Amino acid sequence: NKADFAHNVTAVTGSSKSGVKIADGFADGYFTQGTMMCVTGANIGVSRSIKTFANSIAVPAQPFSNAVQEGDTFTFWRGCAKTMTACQAYNNKANFRGFPFLPCQNVLL
């Protein structure tokens, strides 16, 4: 359920069109490949994919049209690295559809 992975956050000083800085509390990479949606402010209703999340800054895949101001609120959803380890974090290993046990090219040579 997507709602189980939603986090309401508030932008702090240092945010811009190309990066939303939030208060500390989440590990680097926690929101990488996730989604953010602006709930208040000039970008209300606008959603962006999160390219990276590090040092409490979420970098959108595409910049926002308007500057993000301190106090703007967002809903962030965790991303998925599409690895077996990521599926285990979501307790969803049974539905993982990748191929983690194929030998790499070097093994086949």
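In this predicted model, strand β2 (residues 20–21) runs antiparallel to β5, and two bridges hold the pairing together. Lysine 21 has isoleucine 57 as its bridge partner in β5. On another side of the story, β5 also pairs with strand β4 (residues 47–54), again in the antiparallel sense, this time over four bridges. Here threonine 52 sits opposite valine 59 of β5. The two strands β4 and β5 make a hairpin with two residues between them, and asparagine 55 in that turn shows a positive phi of about 55°.

Next come the aromatic rings. Seven aromatic pairs turn up across the whole structure. One of them joins tyrosine 30 and phenylalanine 31 edge-to-face, at 4.9 Å centre to centre with 90° between the planes. Tyrosine 30 is partly exposed at 24% relative accessibility, while phenylalanine 31 is buried, with a relative accessible area of 0%. Phenylalanine 74 and phenylalanine 76 have ring centres 6.1 Å apart and planes at 70°, so this pair is edge-to-face too. Both phenylalanine 74 and phenylalanine 76 are buried. Ring pairs tie these residues into a cluster made up of Phe26, Tyr30, Phe31, Phe53, Phe64, Phe74 and Phe76.

Finally, proline 103 lies in the loop between α1 (84–89) and α2 (105–108). Proline 103 is partly exposed, its relative accessible area being 45%. Its C-alpha atom is 46 Å from that of valine 68, 35 residues away along the chain.

Terms used: Residues numbered from 1 in each chain as written. Predicted model: local features only at pLDDT ≥ 70, side-chain atom pairs only at ≥ 80, totals over all residues. Heavy atoms only, no water. Pairing = 2+ DSSP bridges. Buried < 20%, exposed > 50% of the residue type's maximum accessible area, 1.4 Å probe, protein only. Phe/Tyr/Trp six-rings, centres within 6.5 Å; stacked < 30°, edge-to-face > 60°.
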